[in-house]
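Dear colleague,

Here is the structure I said I would pass on. My notes follow below it.

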Amino acid sequence: MMLFTILLTSLLLAPGPSFEENFEDATLRLDYTMCGDASHTDIYLADMQKTGPWAGRRSKLDQPLLRGDCQIALKADDGTVLYANSFSTLFREWQQTAEAKDRPRAYENCIQVPFPKKPVTAELTVTDIHGKVTASLRHRVDPEDILIRKAKPGLNHVRTILESASAANAIDLVVLSEGYTATQEDKFFADASRLVKDSLFATAPYTALKDKFNIRAVFAPSQDEGPSIPHEGKWNTTAANSHYDTFYSERYLTSSSMRKIYDQLGTVPFEHVIVLVNTPIYGGGGIFNSVTLATCDHPSSGIVFVHEFGHAFAGLADEYAYDEFEPMYSPDTEPWEPNITTLKDFGSKWADMLPGGTPVPTPPSHDMPYFEVRRNWDNLDAALKKELTGKLGVFEGAGNSSKGVYRPVQECRMRMNECESFCPVCQRAIARTIDYYTR
Ligand SMILES: [Zn+2]
């Protein structure tokens, strides 16, 4: 009995799978195609590659920080989870659009996991807005498989913008050029450096945690200058195939060519990729643990980048409520995003930060329509602004739904560009993400 108790205790206190025992210092890139329509998902394995050194976390390997819309796990033969992570995809977003109701489509996804030393089973699952698994794929990965392509360093020029620690001990971001021609290399490196230093590291809580990041920039020349603009009939040939009009929304700038983006990065170690698009036109996009697209020459480029990177890096949800698409959240399920709630399990969100006596839901401080607040932002009374951005509550309207989804403050950077900063809940979520990757 004593022996059993000791065994049980040691199991409960187990630190999780060892990186050194199970993985090489290398990255396995798994390319999947997700296809289907609004109500159906299929997943297929497209390719496997061994790329550069492993830049991701080396502890808590079996514990993803957030649930995400999709989950990847590597399992040993006895079923032990050796590595797990979560992410979202453009495909899952597209499933909420009107197009997905009558036209099936396929989307590319590239997932990086540490390179296993022994054969493992990879398991990919996709969940719906109720957190229910709607599709899954299991397949073997044998590290000796001759058809795992060995990537080589590419011809693209790589420059270090910020180096704080080794790839193993820092959060590694890479900025990829998009729509910069061969003669615009200097402009790209200047834009990339400016975007990160003047925008990301000028925003709390990134400013105080700058020394947790490494940032590299990769210059891949494009044949044409600027991204494609379908609503102007303009299609350009570029390094990352980016375009506006994603889901027929003019300002939504994304790329469906994830494999091309990852190919451009060769063996550069990275955890998050930022595609920097050479354009003065407003737009951007950010998908959790997948990709961020930012522009360089619009007056709001830096602000939009920090918002979009909030989606991609910390899994933050939009706090605005335009009701543009089908509802992305269900009252029967607590969203996995840290900065919104359906009140299904509010205790897991910012309940611990809420001042005693705060009514839930919380009535707004004013009855000004959203667009009026934005238009008058610069002229609002300083005390009111402070209340709108800093006073915590549970305000209805978030996650693109005006009903049934709640946000922590009335105005936050995840709700509108005019806002100078992230709300306290978003700031805590970003700081927790940084801590998770680096501790
Ligand atoms: Zn917020």
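Which residue in β16 does valine 275 stand opposite? Valine 275 stands opposite leucine 293.

This is a predicted model, in which local features need pLDDT of at least 70, side-chain atom pairs count only at pLDDT 80 or more, and totals for chains, interfaces and linings use all residues. Residues are numbered from 1 along each chain as its sequence is written.

Strand β14 covers residues 272-277. Helices (H or I, at least four residues) and strands (E, at least two) are DSSP runs, numbered from the N terminus. β14 and strand β16 (residues 291-295) pair in the parallel sense over four bridges; pairing requires that DSSP finds at least two bridges between two strands. Strand β10 (residues 171-178) also runs parallel to β14, joined by six bridges, and there leucine 173 has histidine 272 as its bridge partner.

Six of the six residues of β14 are buried, so the strand is largely enclosed by the rest of the structure. Buried means 20 or more other C-beta atoms within 10 Å of the residue's own, with C-beta atoms placed from the backbone. His272, Ile274 and Leu276 point one way, and Val273, Val275 and Val277 the other.

The protein chain is divided into domain 1 (16-150), domain 2 (157-314) and domain 3 (346-438), where bounds come from an automatic or database domain assignment.

Regards

Notes
Buried ≥ 20, exposed ≤ 12 C-beta atoms within 10 Å, placed from the backbone.
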